[in-house]
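Please examine the structure shown below and follow it from one local neighbourhood to the next.

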Amino acid sequence: MADPTSSSSLVNNYSSSLGEITHAVLQLVHWKEPKKTAAAFSGSLLVLVSVATLSIISVVSYSLLTCLCVTITFRVYKSVIQAVQKSDEGHPFRSLLDRDISVSSEWIRSLAGQSLVHVNCFISQTRRLMLVEDLVDSMKVTAVMWVMTYVGAIFNGITLLIIADILCFTAPLIYQRKKTQIDQYIALIKSRVEETKYQLQDRLPGAVKKVKAE
C-alpha cells in the first residue's frame with residue numbers, strides 16, 4: 001500500500017516544479033529578461049521554420065551538428081590556450097559534466113499520476129460532448145470544429161505552430177500597451193457570446209431545456 005504522506009510529497013514536488021516552469025515561461029513571454037526572451041523567440045522560430053522547410057531528421061541532424069561544432073571548437077580552443085599559458089584549468093565543461101541531470105523515478109511516477117488525471121478528464125469531457133450530454137456545449141464544439149476545417153484547408157500544422165509561436169511572444173507586449181482598449185473589446189465579445197447563448201437556449205425544445213436545467 002502506498003504511503004499517503006509520500007504520495008502527497010510527490011504531488012507537492014510536481015506542483016512546485018510545474019509552478020516554477022510556468023513562472024519561467026511567463027517571464028519569457030512578458031520580456032522580463034529581453035536577452036533570454038529574444039534568444040528563446042529566435043531559437044524556437046528558427047526551429048519551426050526549419051521543420052517547415054526541411055525534414056525533422058535534417059533539422060535534428062543539423063542542430064546537433066551545429067552544437068557539436070561549437071562545443072568541439074571551444075574545447076580545442078581552451079586546450080590550446082591552457083597549453084600555451086601552461087595553466088591547469090581542466091575541462092571547460094567540467095561544471096556541466098558534473099551536474100546531476102538524471103530524472104528520478106519518483107518524479108516520473110508523480111508526472112505519470114498527474115498526466116493520468118488530465119487524460120481521464122479529457123476522455124470524460126470528450127464522451128460528454130460527443131454523446132451530447134449538453135446540447136449547447138456540443139453545438140459549440142461543432143461550430144469550432146467547423147471553423148477548424150477551414151483553418152486546416154488554409155494552414156498546415158507547422159504553419160499554425162509558427163503563428164502560435166509569434167503570437168506567444170508578441171501578444172503580451174501588445175496587450176500591455178493596449179490593455180484598456182483590448183479589455184473593452186474582450187468584454188464586448190463576451191457579452192455578445194452570452195447573449196447569443198441565451199437566445200439559442202430560448203429556442204431549444206422544451207424537453208432539452210428541462211434536461212439542461214436539471
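Serine 138 touches Arg128, Leu129 and Val132, leaving aside residues up to four places away in sequence. In this predicted model, serine 138 is found in helix H6, which covers residues 135-154. Its relative accessible area is 8%, so serine 138 counts as buried, the cut-off being under 20%.

Glutamine 82 has its place in helix H3. Is glutamine 82 buried or exposed? With a relative accessible area of 14%, glutamine 82 is buried, because this value is under 20%. Glutamine 82 touches Ser87, Glu89 and Gly90, again not counting residues up to four places away in sequence. Its side chain reaches the backbone oxygen of glycine 90 at a distance of 2.9 Å.

Helix H3 itself deserves attention. This helix runs over residues 56-85 and has 30 residues. From its first C-alpha to its last it reaches 43 Å, close to the 44 Å expected at 1.5 Å a residue. An α-helix has 3.6 residues a turn, so residues three or four places apart point the same way. Just after H3, lysine 86 takes a positive phi of about 55°.

The aromatic rings come next. How many aromatic pairs are there? The count comes to three aromatic pairs. One of them joins phenylalanine 41 and phenylalanine 169, whose rings are 4.9 Å apart from centre to centre, with 25° between the planes. This pair is stacked, because its planes are under 30 degrees apart. The pair links distant parts of the chain: phenylalanine 41 belongs to helix H2 (residues 34-53) and phenylalanine 169 to helix H7 (residues 157-177), and the two are 128 residues apart. Phenylalanine 41 counts as buried at 17% relative accessibility, and phenylalanine 169 counts as buried at 7%.

Another pair consists of phenylalanine 74 and phenylalanine 93. The ring centres of phenylalanine 74 and phenylalanine 93 are 5.5 Å apart and their planes meet at 50°, so this pair is tilted. Phenylalanine 74 lies in helix H3, whereas phenylalanine 93 lies in the loop between H3 and helix H4 (94-98), so the pair ties together parts that are 19 residues apart in sequence. Phenylalanine 74 has a relative accessible area of 35% and is therefore partly exposed, a value between 20% and 50%.

The cysteines may be considered in turn. A disulfide is a covalent bond between the sulfur atoms of two cysteines. In this model the count comes to zero disulfides. Cysteine 67 is in no disulfide, and the nearest cysteine sulfur, that of cysteine 69, is 9.3 Å away. Cysteine 67 is partly exposed, with a relative accessible area of 45%, and cysteine 121 counts as partly exposed at 44% relative accessibility.

Finally, the confidence of the prediction should be kept in mind. The mean pLDDT of the protein is 81, and 86% of its residues reach 70 or more. Among the elements, H3 has the highest mean pLDDT, 90. Helix H9 (residues 206-213) has the lowest, 49.

Definitions and conventions: Residues numbered from 1 in each chain as written. Predicted model: local features only at pLDDT ≥ 70, side-chain atom pairs only at ≥ 80, totals over all residues. Heavy atoms only, no water. Helix = DSSP H or I, 4+ residues; strand = E, 2+ residues; numbered from the N terminus. Buried < 20%, exposed > 50% of the residue type's maximum accessible area, 1.4 Å probe, protein only. Contact = heavy atoms within 4.5 Å. Expected span 1.5 Å × (residues − 1). Phe/Tyr/Trp six-rings, centres within 6.5 Å; stacked < 30°, edge-to-face > 60°. Polar contact = N/O pair within 3.5 Å; in protein donor to acceptor, adjacent residues only side chain to side chain. pLDDT = per-residue confidence, 0-100. Disulfide = S-S within 2.5 Å.
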